[in-house]
Amino acid sequence: MMFTGLKPSLHACNSLLSCILRNGMLDDALEVFEFLKEGKMTTPHTYSLILKAVAEDRGSDAALKMFEELCKNDCASNTFDVIVYNTMISAFGKLNNWAQAEKFWRILQNKSLIGTTVTYSILICLFVRCGKYELALNAYSEMVQNGLTPGDDVLQAMIGACMKEGDFDMAFSVFQSMLNGGLKPNAKSCNAVINSLGKAGKPKLAFKVFGLMKSLGHVPDAYTWNSLLCALNQACHHRDALQCFEKIRKQQPHILNFQMYNTIMISCQRLGLWEKAVQLLWEMEASGGSVSTSSYNLVIGACEAARKPKVALQVYNHMVHQKCSPDLFTMLSVMRSCIWGSLWNEVDKILNSAAPNGSLYNAAIQGMCLAGRIDLATKVYTKMHHSGLKANCKTRALMLQNLPKDLRR
């Protein structure tokens, strides 16, 4: 045909090129491609075929170099359609090169070309994989605005992106879109929506999704239940959280973990249920696992809220005996409890045993002043000054208010 000067149809040219590429003959394909370019017998499909083959055989950088060379030819670049750009986006998407894929997306926008479902599916899933959640949300919004219907993979990815960005309303909206479209969200997506609604303080919606999750045949796991408990706590429904926990304990005791215990101990702390908190702590220790500092802090906090300073001190001493290192939150909570119970010797022991810390000294001095123990406050204030620590505004105000005039300097 070349010798006789015959011109095959464009469809025939692309069929020949596709056939050669399927047989792995890239060099021959490139030769045919040059002939097609010279004879102006290329179509967008031609460019897509050859760019995809080069990317797969010689790498995305080689494909990018070819693309840039083709762009120098106005006739060629003007015939590029969305499929050509999809080819390049896909090539870099496989390498998780989100930055280069985004560049091609921006070229599409600048040329006023509307992406296809494939375009946005690749972009959204790529952006989510690479942690670029804001870009994923932007691509999803553009996809919906263009009247395209996202597939299951896109919606699953979007739920994760919404959760990471804290856009809980959109997460629920995406979930509803899946259901309305007849799609079946997987257990991971259901858990993500429940967790996001919980963080937003919307327990009713969280439990609604929980019901839908079970209707879809998914079995709730520890993550599911903990998300529901967190949802109730976030909405200050602490007693409901306790009831829910007891239900889990009776029906699925095997899924209880330390994270769930910590979550429910938050409920105990908010309600001042120190006995319940202590009971849960003993259960955690009896299970043989390593109890964290935060767990002890929650129990001590529950004792503080219930005005049980001696119990708080006992838990603190037990914590130290268990070789669990207290942190600043531990020390502050125990100190506040001891101050409320007028356990001044214990306050002094805490200050002496802990590393010098301004927050601890300020809390001690303020508590002593408010309790009318100016004598003790003065001693601690002097010790604080000698330690090189600075009193905060409230501490200085209380000392100035209560110290005799000759000692205020």
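Modeller: Let's start with a term: on a 1 Å grid over the protein atoms alone, a pocket is an open set of points with protein on both sides within 12 Å along at least five of seven lines, and lining residues have an atom within 4 Å of a point. This is a predicted model, where local features need pLDDT of at least 70, side-chain atom pairs count only at pLDDT 80 or more, and totals for chains, interfaces and linings use all residues. Residues are numbered from 1 along each chain as its sequence is written, and side-chain values use heavy atoms, with hydrogens and water left out.

Biologist: How do you know how much space lies in the second largest pocket?

Modeller: Grid points are joined across faces, edges and corners, and a volume is the space filled by probe spheres set on the points. For the second largest pocket, that gives about 280 Å³.

Biologist: What makes up the lining of this second largest pocket?

Modeller: There are 15 lining residues, and Gln156, Ile159, Gly160, Lys188 and Ala192 lie nearest the centre. Helix H10 (152-165) supplies the largest share, seven residues. Helices are DSSP runs of H or I, at least four residues, numbered from the N terminus.

Conventions: 1 Å grid on protein atoms, 1.4 Å probe; cavity = no way out; pocket = protein on both sides within 12 Å on 5 of 7 lines; lining within 4 Å. Helix = DSSP H or I, 4+ residues; strand = E, 2+ residues; numbered from the N terminus.
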